[in-house]
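Here are my notes on the model. Please read them with the structure open.

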Amino acid sequence: MRNVKVLWGLIVVLLTAVVILSSVLMAQTLQPPDSDKHPDQSQNGGETRIVATVGTKNITIGEVEEQLIQKYGNQQLNQMIDQEIIRAEAETQGIVVSESEIQQELERMQQGYDSESQFYELMKEQLGFTPEALKKDVYNKLLGDKITIQGIVITDQEVEAYMLAHQEEFKPRVQLKLQHIVSANREQAQRALDDLAKGQSFAQVARERSLDDATRDSGGDLGWLDDDDPFIHPAVMKAAISLKPGEVSKPVEADGRYVIVRVADRKEQSKGSPEVLREQVRKELALREAPPLKETLENLRKKWNVTIRESF
């Protein structure tokens, strides 16, 4: 199954450029009527408005818009064409995307983020997407997917076989809030355990005994971590996973040192109901059998007689 965070990261640059261009064009559309402009601006539709000065050189809004259109104009135009032919084809075939399907996709995309609010904040910060714009983008994507896989049948047996062979993909996402104490040898680790047995808090013992400079002052706090975090030694994580919140492990050998780990808190996030997961798998398998989206769009352009009258 596709890694959502990685995929979104790969399209950041392109989508940011498109958003910038769209914003510029929209700003130009919303400029005040000519009668409200300075006389030297109204003659050229506001293109002479100075937005920056370098020495004696003035940079106008018209020059900025021209550069943006030359650099990103074709990308924006093609995106608009693709969205329109997908909409037209979906309407012809009676293909629709429901509100619940959009919400399910948004929830799927949020997997791997700490919270819904963090997800939307990063979409705004990295891609310039408001929740409404992101929802529209998801709608267009789902509509395109449905057109692409139209007519491809994936049986229940194929879905079940995939899920059985890839069980790790569908396990709930487990996160642990961890603290640790790092000791040079088993004897020092045992002294730390003795201090804990006497009633000292884990944070206090970590501050006094842990060799980890990065976490010692914070009482050994590692924060929230996924149960497959690649930066935590596998033996330490294995010990942590077996603990309940508040429990402390025995010393675990890791790279020549001994680590005592405490689970401060634990939470699990389901990746969806069995029905939702099965439909996601069915769609993923259908997309693997479908022709590339680029090929589908090229065929639709021919079908709908797309003509580009001017390139940028």
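The points below go from the overall fold to single residues.

1. **Basis.** This is a predicted model, in which local features need pLDDT of at least 70, side-chain atom pairs count only at pLDDT 80 or more, and totals for chains, interfaces and linings use all residues. Residues are numbered from 1 along each chain as its sequence is written, and side-chain values use heavy atoms, with hydrogens and water left out.

2. **Overall.** The protein has 13 helices and six strands. These are DSSP runs numbered from the N terminus: helices are H or I with at least four residues, strands are E with at least two. Of its 312 residues, 35% count as buried. Buried means under 20% relative accessible area, exposed over 50%, and partly exposed in between (1.4 Å probe, protein chains only). Among contacts with a separation of 6 or more, 68% join residues 24 or more positions apart. Contact means heavy atoms within 4.5 Å.

3. **Cores.** The largest nonpolar core has 22 residues. Such a core is a set of buried Ala, Val, Leu, Ile, Met, Phe, Trp, Tyr and Cys residues joined through side-chain atoms within 4.5 Å. Leu106, Phe119, Met123, Leu134 and Val138 have the most contacts inside this core. Helices H4 (61-93), H5, H6 (116-127), H7 and H13 (293-303) each supply at least two of its residues. H7 gives the largest share, five residues. A second, separate core of 16 residues includes Val182, Leu225, Ala239 and Val259.

4. **Helix H12.** H12 (residues 274-289) has 16 residues. From first to last C-alpha it reaches 23 Å, close to the expected 22 Å. The expected span is 1.5 Å times one less than the number of residues. Its buried residues are Val276, Leu277, Val281, Arg282, Glu284, Leu285, Ala286 and Leu287. Note that Arg282 and Glu284 are on that list. The cover over the buried residues of H12 includes helices H5 (99-109), H7 (131-148) and H8 (156-165).

5. **H4 against H13.** How do H4 and H13 pack? Their angle is about 75°, with the axes 10 Å apart. Axes are lines fitted to C-alpha atoms, for helices over the stretch in contact, and angles run from 0 to 180 degrees between N-to-C directions. H4 and H13 are therefore roughly perpendicular, a label for 65 to 115 degrees; under 35 counts as roughly parallel, over 145 as roughly antiparallel and the rest as oblique. H4 brings Asn78, Ile81, Asp82, Ile85, Ile86 and Glu89, and H13 brings Leu297, Leu300, Arg301 and Lys303.

6. **Arg266.** Arg266 is found in strand E6 (residues 257-269). At 26% relative accessibility, Arg266 is partly exposed. Beyond its neighbours within four places in sequence, Arg266 contacts Val174, Gln175, Leu176, Trp224, Ile241, Leu243 and Pro245.

7. **Leu193.** Leu193 is found in helix H9 (residues 186-197). Not counting residues up to four places away in sequence, Leu193 touches Val248, Ser249, Pro251 and Ile260. Leu193 and Pro251 are 58 residues apart along the chain, yet their C-alpha atoms are separated by 8.5 Å.

8. **Positive phi.** Please look at two backbone angles. Asp255 is not a glycine, but has a positive phi of about 55°. Asp255 lies in the loop between strand E5 (252-254) and E6, and is exposed at 69% relative accessible area. Asn305 also has a positive phi, near 55°. Asn305 sits in the segment after H13 and is exposed, at 64%.
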